Amino acid sequence: MPEKLRGFRDFYPEDQEIRREIFETMMEECRRFGFREVDGPSIESVDLYAHKSGEEIMGQMFNFIDKGGREVTLVPEFTPTLARMVASRKDLIKPLKWYTLAKFWRYEEPQSGRFREFYQLNADILGSDSLHADVEVLNLAGSIMKGLGLGNKVKLKMSSRTLLDDIIKYLNIEKKDSLYYLLDRWIKISDKEKDSLISEIGISKENLELIVTGKIIEELKSPNLDRLIKIMDEFNEYGTIKIEIDLKIVRGLAYYTSTVFEIWDLDEKMRAIMGGGRYDNIISQMNGDYTPAVGFGMGDAVVENLLKREGLWYEKEKKRVFISIADDKGRKYSYYVSKKLRESGIMVDLNVTERNLGKQIEYAAKMGFKYSIILGEREFTNKIISIRDLITGEQFSMNLEDAIIKLKNS
Ligand code: HAM
């Protein structure tokens, strides 16, 4: 049997139908917040990511030389594409609120919640440097969590790179990049690696403790701290999910300029559910107009794990009818009946085999259909339909119009 590649997934209907509902919930919430859908290519030039996304993403690209000799890659993330799209159109009326839900590819070590191919929802506001834009994207993310039934299972952790830079100055730390790295990797690296980074940075245990616990905030005065607190206050005013400051949130991507945030499950047993922040410079770096921006990416994998853990991974009941066919007259009649039912919005499947009636009904019951319509010569001649309730075994006949009303309301 051929094997699929490591880090890639097949989606069978029983899971895919639930995934589709979850994606719909996410996108519907974006639309309710006034975000408009966009999309981009699946392959981009490698150059697009150089100096923007950072070394980690550069090392994870599915890159190759195309037939024209260009170095290209499957897109590892949406933000550089989005920036390119905005930079190349001077006529756009800002601020823009855009979302997309697409597949992305990263050659990273497959593990729980992380794959080499994944879906990610991106929602971004481009063209506002106001903290109210930060609040709006965070409210959207919180509302999506609530909409998925996860509102009280997750928390938003946030920080700011400019605030961290204030702290770095205040504590006289010289090795800024190493401190960023240490904080970003805090829960991923061994104690040994931590110790060697700590001695490389030359930070005292007391000062590091002040940062890691967030206590430093009590003694620091900074406009960047005031901004962060204002964002949190306004986020709480709207009221969706828990929020807290966590100075260990730095994020691996190079382009973030100030606010950075992630959503985690409450006890932090899983990986980040969502990550994002403010990136004010990428678009001007691409020779576009200065367009400060803020947004997030939310993957499908950890959401799925969390919904499964919380018993929320199930399909909402659908009205599904299976038409079983007794004879040739019934087959002929089935085209009329199925068309009418489908046109009225009912989901209808029908027998496409040569099985006998008993086997057809058995199949419908096994497949989880609630009703089977049975059509044969009697139904055709009398212009009626027979319906069997596959749960109770009850069977009744009625005209098509009444059947449509019954099936829609049951
Ligand atoms: P990111 O932190 O790389 O940010 O990814 C954001 C989210 O995408 C993660 O929290 C996770 O849910 C999901 N994700 C990332 N990598 C994988 C993977 N290998 N498998 C499954 N899920 C994954 C970005 O991508 C930024 N471009 C987000 C952004 C948009 N910032 C501003 N706007």
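Analyst: Contact means heavy atoms within 4.5 Å. Helices (H or I, at least four residues) and strands (E, at least two) are DSSP runs, numbered from the N terminus. The model is predicted: local features require pLDDT of at least 70, side-chain atom pairs count only at pLDDT 80 or more, and totals for chains, interfaces and linings use all residues. Residues are numbered from 1 along each chain as its sequence is written, and side-chain values use heavy atoms, with hydrogens and water left out.

User: With these terms in place, what covers the buried residues of α3?

Analyst: Buried means under 20% relative accessible area, exposed over 50%, and partly exposed in between (1.4 Å probe, protein chains only). Helix α3, residues 79-87, is mostly covered, with 7 of its 9 residues buried. These are Thr79, Pro80, Thr81, Leu82, Ala83, Val86 and Ala87. The cover over them includes β2 (43-45), β5 (96-105), β6 and α11 (282-285). In the loop between α3 and β5 lies Pro95; the peptide bond that joins Lys94 and Pro95 is cis, with omega at about 5 degrees.

User: Into which domains is the protein chain divided?

Analyst: Domain bounds come from an automatic or database domain assignment. Here the assignment gives domain 1 (13-309) and domain 2 (320-409). Taken over C-alpha atoms, the centres of domain 1 and domain 2 are separated by 50 Å.

User: How many residues surround the ligand, and which are the closest?

Analyst: A residue belongs to such a shell if one of its heavy atoms lies within 4 Å of the molecule. There are 25 residues around the ligand, and the closest are Glu77, Thr79, Phe115, Asp124 and Tyr256. Thr79 is also among the buried residues of α3. By class, the shell divides into 10 nonpolar, 9 polar and 6 charged residues. In this scheme Ala, Val, Leu, Ile, Met, Phe, Trp, Tyr, Cys and Pro count as nonpolar, Asp, Glu, Lys and Arg as charged, and the others, Gly among them, as polar.

User: Which side chain has an N or O atom 2.7 Å from a nitrogen atom of the ligand?

Analyst: A polar contact is a pair of N or O atoms within 3.5 Å; within protein, one must be able to donate a hydrogen and the other to accept it, and residues adjacent in sequence count only if both atoms are side-chain atoms. The side chain in question is that of Asp124, whose N or O atom is 2.7 Å from the ligand nitrogen. Arg251 places a polar side-chain atom 2.8 Å from an oxygen atom of the ligand. Ala272 takes part through its backbone, with an N or O atom 3.4 Å from a ligand oxygen. Taken alone, the ligand exposes 660 Å², and the protein buries 96% of that. Accessible areas come from the Shrake-Rupley method with a 1.4 Å probe, and for residues only the protein chains shown count as cover. The elements giving two or more residues to the shell are β6 (117-126), β10 (274-278) and β11 (293-299).

User: Where is Arg251 found, and what is its phi?

Analyst: Arg251 is in the loop between β8 (242-245) and β9 (259-265). Its phi is near 75 degrees, a positive value in a residue other than glycine. Arg251 counts as buried because its relative accessible area is 14%. Asn287, likewise not a glycine, has a positive phi of about 70 degrees. Asn287 sits in the loop between α11 and β11 and is exposed, because its relative accessible area is 68%.

User: Is Ser386 buried or exposed?

Analyst: Ser386, in strand β15 (residues 385-389), counts as buried because its relative accessibility is 1%. Its side chain makes a polar contact of 2.5 Å with that of Glu379 and one of 3.3 Å with that of Arg378. Leaving out residues up to four places away in sequence, Ser386 touches residues including Ile373, Gln395 and Phe396.

User: What does Ser344 touch?

Analyst: With residues up to four places away in sequence not counted, Ser344 touches Ile404 and Lys408. The C-alpha atoms of Ser344 and Ile404 are separated by 7.5 Å, although the two are 60 residues apart along the chain. Ser344 lies in the loop between α13 (328-343) and β13 (347-350), and it is buried because its relative accessible area is 17%.
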